Amino acid sequence: MAMKYLETMMTESVLRTQQQYYGHAAQITDAPERDLLGEGEAEFLAARDSFYLSTVSETGWPYVQHRGGPKGFLRLLNPSTLVFADYQGNRQLLSTGNLSTDDRVSLFLMDYPNRARLKILGHARVEDAHSHPDLAVQLANPSMKARVERIVFIDVVSFDWNCPKYITPRYSIEEVEELAGSLRTRIAQLEAELRTSRRGSSTPSAQ
Ligand SMILES: Cc1cc2nc3c(=O)[nH]c(=O)nc-3n(C[C@H](O)[C@H](O)[C@H](O)COP(=O)(O)O)c2cc1C
């Protein structure tokens with residue numbers, strides 16, 4: 001368990017609430033400055049094609065936006081840095097605007113088929129794509145016509161894995177196609193066998 005995550009999230013009001021409902025509050029001691037992302041997290045991130053990004057508005061409202069792209073578009077640069085491209089989009093710039101007054105972010109990543117979810121806390125920095133031309137090219141989604149305007153760097157503070165309970169397995173079209181592939185092959189084999197056997201049974205047998 002990444003202790004820095006719990007230490008960060010278990011604020012005084014959370015601990016008071018635990019005390020009120022259950023008569024005791026969690027004791028989080030010796031949490032490190034930050035928790036580094038490891039191999040398991042790297043593998044999970046490389047397979048994600050979407051995530052939810054929440055920021056805090058300057059008036060304190062939570063804001064959440066969906067981000068999508070090819071698998072691994074949220075790139076792990078090193079064990080404590082994540083990066084992704086931000087496109088010229090709907091021109092609202094809500095996340096970017098929020099990040100100019102509060103750099104704290106929470107990321108929520110789902111793996112529905114494997115019923116796993118990962119939450120990440122960090123500090124985000126938005127930089128102009130012109131300052132990172134090579135990275136902008138590497139991170140750009142080739143299937144998107146939109147221009148990469150900004151690059152978002154996330155300095156990871158910690159992360160937390162949640163249990164699989166209550167996650168309904170869901171599959172993308174790509175995953176369904178992959179699963180259906182072996183079934184299609186088997187159906188084709190059986191159809192071929194059926195054709196052969198029908199041809200055999202319609203041939204008059206020699207007496
Ligand atoms: C042409 C176009 C392409 C886009 N491509 C992506 C994309 O690949 N991934 C993504 O998450 N959002 C994409 N978006 C959505 C925008 O970037 C969207 O404006 C942004 O997520 C909004 O962020 P905000 O709610 O923080 O303002 C695209 C939008 C447009 C109009």
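**View 1. Residue classes around the ligand in this predicted model.** The shell around the ligand holds 6 nonpolar, 6 polar and 1 charged residues. Here Ala, Val, Leu, Ile, Met, Phe, Trp, Tyr, Cys and Pro count as nonpolar, Asp, Glu, Lys and Arg as charged, and the others, Gly among them, as polar. This is a predicted model, in which local features need pLDDT of at least 70 and side-chain atom pairs count only at pLDDT 80 or more, while totals for chains, interfaces and linings use all residues. Residues are numbered from 1 along each chain as its sequence is written, and side-chain values use heavy atoms, with hydrogens and water left out.

View 2. Which of the 13 residues around the ligand come nearest? They are Tyr63, Gln65, Gly68, Leu94 and Ser95.

View 3. Tyr63 places a polar side-chain atom 2.3 Å from an oxygen atom of the ligand. Gly68 uses a backbone N or O atom, which lies 2.7 Å from a nitrogen atom of the ligand. For Leu94, a backbone N or O atom lies 2.8 Å from an oxygen atom of the ligand.

**View 4. Elements around the ligand.** Two elements give two or more residues to the shell around the ligand: β2 (62-68) and α4 (94-99). The largest share, 5 residues, comes from β2. Helices (H or I, at least four residues) and strands (E, at least two) are DSSP runs, numbered from the N terminus.

View 5. Look for Arg48 in the loop between α3 (39-46) and β1 (50-56). Is Arg48 buried or exposed? Arg48 is buried, because its relative accessible area is 10% (buried means under 20%, exposed over 50%, partly exposed in between, with a 1.4 Å probe and protein chains only). Its side chain reaches the backbone oxygen of Phe44 at 3.0 Å. A polar atom of the Arg48 side chain also lies 3.1 Å from the backbone oxygen of Met110.

**View 6. Thr185 in a helix.** Thr185 belongs to helix α6 (residues 173-202). Its relative accessibility is 46%, so Thr185 counts as partly exposed. The Thr185 side chain reaches the backbone oxygen of Gly181 at 2.9 Å.

Note on methods
A residue is near a molecule or strand if one of its heavy atoms lies within 4 Å of it. A polar contact is a pair of N or O atoms within 3.5 Å; within protein, one must be able to donate a hydrogen and the other to accept it, and residues adjacent in sequence count only if both atoms are side-chain atoms.
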